[in-house]
Amino acid sequence: MSEMGKENRGTWWRALPVAALFVVGGIAGAALAVSLTGGGSTLVTATTTEAASAAGEHSTSVARTSAQFDAETIYKRESPGVVDIRVTTTAQQGVSPFGPGGSQQAQAEGTGFVYDKTGHIVTAQHVVDGATKITVRFPDGTTANATLVGADPSTDTAVIKVSVPSSRLTPLPLGDSAAVEPGEGVVAIGSPFGYSGSITAGIVSAVGRNIDAPNGYAIPNVIQTDAPINHGNSGGPLIDATGKVIGINVQIADDGQGGSDNAGVGFAVPSNAVKTVVDDLIAGRKVEHPYLGVAVGDPATGAGAKIGTVRPGSPAAAAGLKAGDVITAVDGTTIADADQLTGVVSQHQPGDKLRLTVERNGSTLTLEVTLGTRPATAT
């Protein structure tokens, strides 16, 4: 549901561009989120969300942090399922005064993880975006060419596939990201700056964050961690104390001063969202997201999500929503802020009807909206 847009980069709108599900934005702070990818010599890591071979293992509750947290054991058990992804892209060059323009190949690196025994690997969409060649390097040093199965920019999730014997594949089980709580111990495995097979450890710093997707919409319910991640970790797994993947590492915070290395604030797309998207992509189904068509932020005072912009022709416009309205409840559930609105909308499907409680100029209104299907990019 997140389509909230950044109306202002100085005050950070919470990741819901005006064209997405419904553009939800709230002033979150001065830090900006940047993806963990890079071109040329900069390494981009993409890790795939692995599902265990048994379908039932794809949804497992997350254990609370305890003395049983053992990063060494987790690494030995899960690292065989984490792969290094190297991508070749072709960049078009403009016409130069010294000769005609042309194309130039660029290299990038990311991380992924094995999803099943049939060769599916999960990574971040931005890692493989525009790839003309994808090569997967396994922990034992062997490599295999991969093909793109499908990608969803709205969740920054992609699936690639390799044709190798199942004996070379170690699927990683998914955890239940809805059960994750701040303070739980986590590890990240990936290829920061090209150092493949690296593990870092930390805790879950917060849940329910929103970040920008590659297509300008918001990704809701994101997990924030202080486990160090850098360029090359992108697409790699964030793993809980039980060894389950609870998210895909995709972004780190940037202070806006030109730095983009780890500062202890990283973000992972939640495993529950990843699983839904990955299963659709593998099955050949079109991934669709709900669309409201508004940009929102937090009101200056009080609770709710304040509408900054209503996209013409959107479901929100058809329902009668206006700029300045404050949505205080959805189907009777109180909305505390813009992030919560984004999360609530994202749990629905295109075509679903929602009953919105709206404050407008001192009056309380009840409006019904039928969610649409999110356009390809936010406006």
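A polar contact is a pair of N or O atoms within 3.5 Å; within protein, one must be able to donate a hydrogen and the other to accept it, and residues adjacent in sequence count only if both atoms are side-chain atoms. The model is predicted, so local features need pLDDT of at least 70, side-chain atom pairs count only at pLDDT 80 or more, and totals for chains, interfaces and linings use all residues. Residues are numbered from 1 along each chain as its sequence is written, and side-chain values use heavy atoms, without hydrogens and water.

User: Which residue has a side-chain oxygen within 3.3 Å of the backbone nitrogen of Asp339?
Analyst: Look at the start of helix 5. Helices are DSSP runs of H or I, at least four residues, and strands are runs of E, at least two, numbered from the N terminus. The oxygen belongs to Asp337.

User: How many of the 9 residues of helix 5 are buried?
Analyst: Buried means under 20% relative accessible area, with a 1.4 Å probe and protein chains only. Helix 5 spans residues 338-346 and is mostly covered. Among its buried residues are Leu341 and Val344.

User: Is Ser79 buried or exposed?
Analyst: Ser79 sits in the loop between helix 1 (71-78) and strand 2 (82-92). Its relative accessibility is 13%, so Ser79 counts as buried.

User: Which backbone oxygen lies 2.6 Å from a polar atom of the Ser79 side chain?
Analyst: Contact means heavy atoms within 4.5 Å. Beyond neighbours within four places in sequence, Ser79 is in contact with Ile74, Pro139 and Ile189. The oxygen at 2.6 Å is that of Tyr75.

Key
Buried < 20%, exposed > 50% of the residue type's maximum accessible area, 1.4 Å probe, protein only.
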